[in-house]
Amino acid sequence: WPRLIPRTLVTLAWRSRLLDVLREFRPTHLLLRSGNPVLTCPILEYCARENVPVLVLMANVVERWRGAHNAYFFNRQIRLLNAPNVYRVGNHKAVAARSLVDAGVDAAKVIAWDFPGAPNPRDYSVKQLAERGPWTVVYAGSMQYAKGLADLIRAVWLLRQEKVAVKLVAFGDGPNMEELRMLAGSLCPRDVLFLGSLPNNDVFK
């Protein structure tokens, strides 16, 4: 989809397509790989009505969103994940899995998962920080407030006010991408770069 189309409209279009495919295909089991409640809630409701067993795989920290509209989708998603036909809900690593339990998902359903054989920082030699700048801070992950990226952007701005030569390079995509771009643009547009998604193996290079 073109980047000019708002993310919510793209999600709604995909949701409509997926629901049409479900009604036509009538699956006996479903693996749902998304944590976006706007996308997943109607699909989970369809599966609950048709008593289709579902395994849900997510890769994001679950947090209660601001605003009545967002709270509606949040509560609706938690209720549907606790439905009897959803037999497991996986989330990426322990912290994200714990966020599901904290949000109200039955702990007996929740499992933590990870990519097998992914590179680890301990596999690489320790880098030495130069005594003088300029310094570059690299962030790689989901673009969302729960990851602390907004705090990192503000930290760069504060350092620049103290004449510290530092820049932030951020890799990834996520639900708060546009808001974070706007925050960086209002505080330190020349010192924060958003470079999009990058394959996991390339992040360490």
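Colleague: In which sense do β5 and β6 pair, and over how many bridges?

Modeller: Two strands pair if DSSP finds at least two bridges between them. Strands here are DSSP runs of E with at least two residues, helices are runs of H or I with at least four, and both are numbered from the N terminus. Strand β5 (residues 135-140) and β6 pair in the parallel sense, over six bridges. A140 has F171 of β6 as its bridge partner.

Colleague: What kind of model is this?

Modeller: This is a predicted model, where local features need pLDDT of at least 70 and side-chain atom pairs count only at pLDDT 80 or more, while totals for chains, interfaces and linings use all residues. Residues are numbered from 1 along each chain as its sequence is written, and side-chain values use heavy atoms, with hydrogens and water left out.

Colleague: Which strand joins β6 through three bridges?

Modeller: Strand β7 (residues 192-194) does, and the two run parallel. L168 stands opposite V192 in β7. Between β6 and β7 the chain passes through helix α6 (residues 177-187), in a right-handed β-α-β crossover.

Colleague: How is the hand of a crossover read?

Modeller: Point the strands away from the viewer; the crossover is right-handed if the path from the first strand over the helix to the second runs clockwise. β5, helix α5 (residues 149-161) and β6 also form a right-handed β-α-β unit.

Colleague: How many residues of β6 are buried?

Modeller: Buried means under 20% relative accessible area, exposed over 50%, partly exposed in between, with a 1.4 Å probe and protein chains only. In β6 (residues 166-171), five of six residues are buried.

Colleague: How many disulfides does a search of the whole structure find?

Modeller: A disulfide is a pair of cysteine sulfur atoms within 2.5 Å. The search finds zero. For C41, the nearest cysteine sulfur is that of C47, 12 Å away. C41 is buried, at 0% relative accessible area. C188 is buried too, at 4%.

Colleague: And aromatic rings?

Modeller: A ring pair is described by the distance of the centres and the angle of the planes. Rings of Phe, Tyr and Trp (its six-membered ring) pair if their centres lie within 6.5 Å; planes under 30 degrees apart are stacked, over 60 edge-to-face, the rest tilted. The structure holds one such pair. Y72 and F73 have ring centres 5.4 Å apart and planes at 70°, so the pair is edge-to-face. Y72 is partly exposed, at 47%, whereas F73 is buried, at 8%.
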